Amino acid sequence: MIHIGTPTTTEVVQRDGTTRTSWVVSYKDNSGKRRRIYSKSQAEMFRKIAQLDSDLKAGQHNANRISFSKVAAEALEARAELVGKKNGIRSQTHKNDERHLRLYLTPHFSNVQMRNLTTGDINLYINKMAADEISPKTQRHVINTLNMVCKHAVAKGYLLTNPCAKGDRQQIRGSMGERKGYTADQVQAILSAEMPLQVRAMITTAALTGLAANELQGLQWKDIDLYAGTLSVQRTGFRYMVQDETKTEYRRRSLPLPSILIKTLREWQLQCHTQVWVFPAVSGRMGEQNAWRKQVAQACKQAGVKDRGLGGFRKFYHTQMEVAGVPESIRKYRMGHSKKSNTAKVHYTDADVKLAHNVSDLETIAQKVLA
């Protein structure tokens with residue numbers, strides 16, 4: 001609701017100590033703060049009121065002259081209050097937002113007035129990130145942080161509408177589901193190659209539990225019961241630090257272990273140089289994903305298989321469960337997704353090409369209609 005008072009005259013003290021009559025009107029800006037504007041004449045005052053009314057209705061007035069960097073800092077501070085709260089955000093999420101602002105957004109938009117930020121500006125920035133060869137995944141995360149700042153600006157009255165709304169801005173090119181998982185034949189070839197026992201145990205665990213890389217990082221021996229054949233996901237690793245939390249509440253789960261994985265883990269446990277971390281670094285501390293990427297790449301090279309990273313084993317795990325006819329509800333539980341989530345369907349399921357080329361199911365269909 002727009003609040004503009006009735007203009008009146010008042011005496012204004014000038015710099016030289018003399019006074020003059022001026023027109024003044026009070027109003028509330030979009031954030032609810034009481035403000036005033038002055039004018040030398042009544043005619044000029046009415047022109048200013050008309051412009052003020054227009055700017056207030058468009059969410060583009062005065063308080064909105066605040067710079068992007070200040071709004072971003074304000075949004076980040078408000079975001080910090082949600083860390084660790086129920087239905088809030090993780091510490092890692094807040095750190096990611098801070099990093100995206102520091103490395104990408106604030107340097108680019110810095111002194112841009114928040115009220116002047118448009119969807120066109122954001123589209124140009126998306127194009128710039130693409131030209132700078134920033135990965136599509138990173139682009140999405142950066143724009144998600146920008147969207148968070150814009151939502152805060154709308155909530156505070158700095159903006160009337162969100163210029164970063166998904167339906168208005170252009171979509172970022174490059175599919176997050178583009179990178180496929182390994183096939184059964186490829187996993188078999190990889191595990192048939194020569195490699196250190198720790199690497200073999202890690203790859204086998206990733207392929208037969210679907211654990212994400214940060215979950216493998218946080219995995220401790222106390223989370224594994226080799227007699228009961230279960231593994232519990234209790235924590236994750238993040239940038240060389242252990243996080244006593246998982247990505248979502250659904251990621252905290254218990255998984256069954258097939259006998260071949262139990263056998264491999266028992267062998268590795270006897271050789272492991274620490275009783276804490278299942279896949280530690282050489283120093284005995286929590287394992288490092290950069291080192292693992294190199295180890296997986298080397299294993300793939302020896303097996304003659306295209307390197308699809310650790311994430312490729314998680315996709316293999318879900319695809320093979322689907323092929324095996326595991327019910328969707330169980331697949332979602334094992335992947336750590338909510339009942340409503342379609343993440344696995346979109347990003348973690350690949351077509352099993354061998355089955356796609358097999359004619360047996362088509363013969364069954366043909367018999368039904370032609371027999």
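Biologist: Why is Asp223 called buried?

Modeller: This is a predicted model, and in it Asp223 has a relative accessibility of 7%. Buried means under 20%, so Asp223 qualifies.

Biologist: What makes Arg235 and Asp223 a salt bridge?

Modeller: Their side chains come to 2.5 Å, N to O. The cut-off is within 4 Å, for a side-chain nitrogen of Lys or Arg and a carboxyl oxygen of Asp or Glu, so this pair counts. Arg235 sits in the loop between strands E6 (230-232) and E7 (236-238), and Asp223 in the loop between H8 and strand E5 (224-225), so the bridge ties together parts 12 residues apart in sequence. Arg235 is buried too, with a relative accessible area of 9%.

Biologist: How many salt bridges turn up in the whole structure?

Modeller: The search finds 10. Another of them joins Glu44 and Lys48 at 3.9 Å, N to O. The limit is 4 Å, so that pair is counted as well.

Biologist: Where do Glu44 and Lys48 lie?

Modeller: Both are in helix H1 (residues 42-57), four residues apart, which is about one turn of the helix.

Biologist: Why is Glu44 called partly exposed?

Modeller: Glu44 comes out at 26% relative accessibility. Buried stops under 20% and exposed begins over 50%, so Glu44 falls in between. Lys48, at 33%, gets the partly exposed label by that reasoning.

Biologist: What makes Arg253 and Glu215 a salt bridge?

Modeller: Their closest N and O atoms are 3.1 Å apart. That is within 4 Å, so the pair passes. Arg253 lies in the loop between strand E8 (241-243) and strand E9 (254-256), while Glu215 is in helix H8 (residues 213-218), so the pair ties together parts 38 residues apart in sequence.

Biologist: Which residues are linked with Glu215 in a network of salt bridges?

Modeller: Arg251 and Arg253 are linked with Glu215 in that network. Arg251 is found in the loop between E8 and E9, and at 7% relative accessibility Arg251 counts as buried.

Biologist: What makes the Arg251 and Glu215 side chains a polar contact?

Modeller: The side chains make the contact at 3.0 Å.

Biologist: What about the cavities: how many of 30 Å³ or more does the search find?

Modeller: It finds one. The largest cavity holds about 40 Å³ of space, and its lining includes Glu215, Asp223 and Arg235. Helix H8 and strand E6 are the elements that give two or more residues to that lining. By class, the lining has four nonpolar, three polar and three charged residues.

Biologist: And the second largest pocket, how much space lies there?

Modeller: About 380 Å³. The pocket is lined by 14 residues, and the closest to its centre are Arg140, Asn144, Lys166, Arg169 and Gln171. The lining divides into six nonpolar, four polar and four charged residues.

Biologist: What makes Glu133 stand out in its backbone?

Modeller: Glu133 has a positive phi of about 60° although it is not a glycine. Most residues other than glycine have a negative phi. Glu133 is found in the loop between H4 and H5.

Biologist: Why is Glu133 called exposed?

Modeller: Glu133 has 72% relative accessibility. Exposed means over 50%, so the label holds.

Biologist: Why is Ile134 called buried?

Modeller: Ile134 has a relative accessible area of 18%. The cut-off is under 20%, so Ile134 counts as buried. Ile134 also has its place in the loop between helix H4 (119-131) and helix H5 (136-156).

Biologist: Which residues does Ile134 touch, not counting those up to four places away in sequence?

Modeller: Ile134 touches Tyr104, Met129 and Gln139. As for Ala291, it is 157 residues from Ile134 in sequence and 22 Å away in space, C-alpha to C-alpha.

Terms used:
Residues are numbered from 1 along each chain as its sequence is written. This is a predicted model: local features need pLDDT of at least 70, side-chain atom pairs count only at pLDDT 80 or more; totals for chains, interfaces and linings use all residues. Side-chain values use heavy atoms; hydrogens and water are left out. Buried means under 20% relative accessible area, exposed over 50%, partly exposed in between (1.4 Å probe, protein chains only). On a 1 Å grid over the protein atoms alone, a cavity is a set of points where a 1.4 Å probe fits but cannot get out, and a pocket is an open set with protein on both sides within 12 Å along at least five of seven lines; lining residues have an atom within 4 Å of a point. Grid points are joined across faces, edges and corners, and a volume is the space filled by probe spheres set on the points. Ala, Val, Leu, Ile, Met, Phe, Trp, Tyr, Cys and Pro count as nonpolar, Asp, Glu, Lys and Arg as charged, and the others, Gly among them, as polar. Contact means heavy atoms within 4.5 Å. A polar contact is a pair of N or O atoms within 3.5 Å; within protein, one must be able to donate a hydrogen and the other to accept it, and residues adjacent in sequence count only if both atoms are side-chain atoms.
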